[in-house]
Amino acid sequence: AQNDPNSDWEKKVTEYFKDKLKENNATNWVPSLNDVPVHYLKPNSLVKFRCMVQDMFDPEFYMGVYETVDPNTNARVLHFGKYRDVAECGPQQEIDLNSSQTVTSERQTFYCVPVPGESAWVKEISFFGLVYQARVSPSTSYTPSRHKRSYEEDEDMDLHPSKQKEQHIGSGGDIHGCVEPKRLETEASAGHHLISPNCSPPLDLNFPLPGEKGPACLVKVYESWDSFKVNDVLEVYGILSVDPVLSIVNTEERDSSALDPMECMDTAEEQRVHSPPASLVPRIHVILAQKLQHINPLLPVCLNEEESKTFVSNFMSELSPVRAELLGFLTHALLGDSLAAEYLILHLISTVYARRDVLPLGKFAVNLSGCPRNSIFTEHIYRIIQQLVPASYRLQMTIENMNHSRFIPHKDYAANRLVSGVLQLASNTSLVVDETQLEQGQLDTTGVHNVTALGNLITWQKVDYDFNYHQMEFPCNINVLITSEGRSLLPSDCQVHLQPQLTPPNMEEYMNSLLTAVLPSVLNKFRIYLSLLRLLDYSISDEVTKAVEEDFVEMRKSDPESVTADDLHRTLLVARFLSLSAGQTTLSRERWLRAKQLEALRKARLQQQKCVNGNEL
Amino acid sequence: LAAQDARSPPSQKRRTEDSTSTGELQPMPTSPPADLQSPGAADALFSSPPQFRPSPIPLDFDISSPLTYGTPSSRVEGTPRSGVRGTPVRQRPDLGSARKARQVDLHSDGVAEDVATEQTFGQKLVIWGTDVNVASCKEKFQRFLQRFIDPLAKEDEDIGLDLNEPRYMQRLEEINVVGEPFLNVNCDHLRSFDENLYRQLICYPQEVIPTFDMAANEIFFDRYPDSILEHQIQVRPYNALKTRNMRSLNPEDIDQLITISGMVIRSSQLIPEMQEAFFKCQVCAFTTRVEIDRGRIAEPSVCKNCNTTHSMALIHNRSMFSDKQMIKLQESPEDMPAGQTPYTVALFAHNDLVDKVQPGDRVNVTGIYRAVPIRINPRVSTVKSVYKTHIDVIHYRKTDSKRLHGVDEETEQKMFTEERVEMLKELSKKQDIYERLSSALAPSIYEHEDIKKGILLQLFGGSRKDFTHTGRGNFRAEINILLCGDPGTSKSQLLQYVYNLVPRGQYTSGRGSSAVGLTAYVMKDPETRQLVLQTGALVLSDNGICCIDEFDKMNESTRSVLHEVMEQQTLSIAKAGIICQLNARTSILAAANPIESQWNPKKTTTENIQLPHTLLSRFDLIFLMLDPRDEAYDRRLARHLVSLYYQTEEKMEEEYMEMAVLRDYIAYARGYVNPRLGEEASQALIEAYVDMRKIGSGRGMVSAYPRQLESLIRLAEAHAKVRFSEKVETIDVEEAKRLHREALKQSATDPRTGIVDVSILTTGMSATARKRKEELAQALRKLIQSKGKAPTLKYQQLFDDIRAQSDTAVTKEMFEEALRALADDDFLTVTGKTVRLL
């Protein structure tokens, strides 16, 4: 249908792919840019990519339909420009820029990075597809380096005739195939080295977190791009474009910019950022894009579908043993403190489920105080959390870190992009702030800003991105766990003082054995448990509301000084998560009492701590 | 494109030759004088006699026929127009940069007949590709200029214009006087005058604007034949309604006239753009000109005169350049949907529009939207299938330039549709509008009705009064509010809400802000090494609200800058060689925690929050947010909180709508309603004030100061604004009084006597407390005197004695204060633990 501009093929394309991808696990056939290095993927083939929208570029106008002319024969051919970067034409043809047939269309470019802080297990499982569905081997011959690739496969790949119509692209693809595998082999094992030797200074790929790896990608969206927001997590299916011509554009343009006043609109800086070499930052022309509620590969992508409902109900039926096991596991991890473990579970399933004007509801930032100072304990706690949640980051709150790292994303107007910062995280990322690392010292301006931003993030669940001339507020949904010695200097919704029941002589060994002792299947259950419960709905019946009211009034009567509205807020939150953690979507009287009991225990502990400290002084 | 007659092929042919650079001066077309149909060509010849100067006029006469302006008709009439001829035409690069592309297109397509002749004679020609007829378009525009009287004109907008005379004729007169050859035309006026002409202007600006130029010049030089201008008048339309928002730009807008608003974020250096290259043959000195074609100059390889190859050299000095500047415009933050990043668009400014705007300026730009394909490489036929877009600027209008004149800019910025205004007005007629609005404010915060009402009035603000001529300067119209009270009474939440509600809100925390962060600081720009004044939160919230949390945690020096801001509404800066006074007409909404974490009801406000009374008295309203201890309240609070935790999404949506309405309502009232005091209201205010003074005078103290009267006036005005009333009436005064009294009752009650006493706020101490202090000092003096001639006394001994003697409890502080008072009287000195008499 390429030559018929009138057909509504565009709709059909999307429909076709939507249908095809629904068929027997077709999604697993599509190679993913997350797992497979770009070089192993065929250009112009269908790929998928799980990513977070880091920045949005300006919409671009492209030739939706264009006409080529053969100067010799004067033969005119119409082409479609959708899903392409380059308007192609044969060697004997020229593009007629002024043709009346030309249709200009609009598309939007997102700069996407892999989900920041994505846990290793998410990557592994989504590649091997171990649990949820039996995985069919992906359509490329690539497997991660731990499975040594055989020679045959290599050759097989090189011999694969590339199916490009255009010669030069074909040859470009071949070059990738033949010359680079040696180097790639090492690359694949060490992760992708992003600094290519002929590109200096190295392009900053703008990952929010330091030390992140993985492909960044320019995702071109053709429809309803208004529905996407910065920091959304997407799964896109689209056509991979790594046309080497795109990289040539770069250098050429820079050379000729002196000549051509039309091209000097953008600074060299902006050019570099907005059209980076395609080998480094590939393009994906999106056919289908969907926002992901979660990135846990153990769960069905969309929970509202019929088949996933059975999955959910199956899991819910065996919920309580899982919860008990998880509680036990975390109790061990927290050195035998079951109360802290209970609160940690509540924290891990918390999520901002709504906002009332400025107030985020459902956030539950926990301050775990009483952590031993300068020990590897906090590090191990983070390791365990990392094993349980799909995305997490450990922020070491040192003076050095606070003063020198970039927390708040800011707009770089010279390059016209949003330079990312540590606080640009996807929803439901676990942020573990390690305050035990903090020494006395001087915070400079950046440090103060960073601490303020962190405080705002915890209290209001929003980050004010710095746009130089103004600030802009981006709501977020990040679970913050603060580990500290005493009460943290950051705000939190609830402080739990750790009371270790045992002191292992070798912390490292203890934690390692703890992790190895857990069966992978059990670990997976924990993972499903935490991700799933977050997505459940919740309500409170009128009856219980009454009871809660009574209770509150009663409490206030007996002790008006210490019981405030804040306490009610917190207790309601604890009750909510307590119910959910047991798989119940309504509040029952028992749960409410249990929540009160937990709170009382927690408070008693804090009181006790205060006394201890007071005596010491 | 070109308005040529099909009958004049010679000129057509000449054009083609021209672009391949034939030579400077072709022989004139053979039939110039009577040729009605190629007016540009004929006229341009007259306006720039070639023998006199290397003309800045494009040689391409025919394509620019609508672009070179002249008065062909007048020539036919034979009236001499010295003015037209003497005034050079100036190229309009703002219109021209893409015209070649279309021109080539039209020829290569073989559409030689680029003009569709509707009638045999030239009067009904239309420009190729459009439905624009040059003659009728010109005539219509002339009629518009001559007749248009703006029925909606407001006095303040057009100073010095007679509103009953045709507006643009007066503008032309202004041009004659001032000599600035630009005529700004409001597209809205044009639309109300002639819808079709407006449509043509929007759709084919490139063709229509030159026609407008032509028309304007004709009228102008007809009227003022002897006027000398730098170049001919250029018409600059603005305020095209087509596109307001950068986000709504789409491919259909290409090559159309659009107006968008945004903020300048970057501007390039001046780029001299070559319009025309001048080549000279090195062999025979033959010269030729080559015009720029799609950004490139085709260098002639062969000399036309002596046929030497590669002998032509570019002579820079004789080439023609025009100024150009690239500017990046970013979407204004208000236009942006939540959670997305702002769009940017590139602007090209030409000639005198270069350097008109600076980064940080808010501007409305009118211009032509362009899309240009990116060529990867001239030698390769592939083309990147993406266009580069930009806007050729025709007109800038700075949105905040008005601020200099002290006019509220939100009037300009916020555009309301008529239905919206109707809706708001309808709403304002409701009896309970005041209560409605106050309950829509921060619904998640429970009760505190009066505080919400106070904040509501703060959002509306009083009327601005100018007493500059009497030497008192501006009276502040902004209402300042301080909230103090127990921690955990959602003060911060209220602040956050307000900050999110108003367009120019700033939120800072007293703990984290320094004086510098609040006011302004001077910074060295790393690139230009220039000193730049960076403004802080207070200046940024000019015309808005500055929310300061943890007000009590602010250090002394920071707080001191607030003194000026809160009364004079300005900020003076003298730093690093920059001395200036910035406007900071901001309302301050501050929240403070009591010094001992819990509010001590036994102490006064000043004692509780430890703020200097000089600062406290600058707050119009001071509210206490206390945790009421009563069962019914607790019950309602509990129900409210529980409902928060399971409410459905839809309910939330509803509330969000409310917030938008509230925001518009406030913006409208702030922009359009400016209530004045009525007779009755004035009387009521006087009475209220006298009453307040009376209360105090009965006990020998002053309980109200002029500042309180001013506060009352502001509150009354704000309340009138809530009703959209232009007149302050008695009910407004009543509510102002009530609210003021409520606030006073809470914050200025002397805890010892239970009497409302303003001096707690104005002097930091209640009158009774002062009296008690004096009494104690006297008692102490007597005690010491009764002890006889001992030169030194033990401190502790004295303290015990006075406690034994006094019938009320004497605290250590009180005792020390009394000692200090006596020391001030040179009666004694205190050194360590001994008291020495003098």
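## Salt bridges

Between domain 1 of chain A and domain 2 of chain A, the count is 0 salt bridges. Over all chains of this predicted model, the count comes to 31 salt bridges. One of the pairs is in chain B, where the side chains of B:Asp392 and B:Arg370 meet in a salt bridge, with 3.1 Å from N to O. B:Asp392 belongs to strand S12 (residues 383-398) of chain B and B:Arg370 to strand S11 (residues 362-375) of chain B, so this pair ties together parts that are 22 residues apart in sequence.

## The two domains of chain A

The domain assignment of chain A gives domain 1 as 29-131 + 208-250 + 267-291, and domain 2 as 306-536. The C-alpha centres of these two domains of chain A lie 33 Å apart.

Where the domains meet, 26 residues of domain 1 of chain A are in contact with 24 residues of domain 2 of chain A. The size of an interface is often given as the accessible area lost when the parts come together. For domain 1 and domain 2 of chain A, the buried area is about 2,000 Å², and carbon and sulfur atoms give 54% of that area.

## Two packed helices in chain B

Two packed helices are described by the angle between their axes and the distance between the axes. Helix H7 (residues 134-147) and helix H10 (residues 195-203), both of chain B, pack at an angle of about 120°, and their axes are 11 Å apart. The crossing of H7(B) and H10(B) is left-handed.

On the H7(B) side, B:Cys137, B:Lys140 and B:Phe141 meet B:Asn196, B:Leu197 and B:Gln200 of H10(B). By class, this contact of H7(B) with H10(B) has 3 nonpolar, 2 polar and 1 charged residues.

Conventions:
Residues numbered from 1 in each chain as written. Chains lettered and ligands numbered in written order. Predicted model: local features only at pLDDT ≥ 70, side-chain atom pairs only at ≥ 80, totals over all residues. Heavy atoms only, no water. Axes fitted to C-alpha atoms, helices over the stretch in contact; angles between N-to-C directions. Helix = DSSP H or I, 4+ residues; strand = E, 2+ residues; numbered from the N terminus. Left-handed = near helix turned anticlockwise from the far one by under 90°. Contact = heavy atoms within 4.5 Å. Nonpolar A, V, L, I, M, F, W, Y, C, P; charged D, E, K, R; others polar. Domains from an automatic or database assignment. Buried area = accessible area lost by both parts, 1.4 Å probe. Salt bridge = Lys/Arg side-chain N within 4 Å of Asp/Glu carboxyl O.
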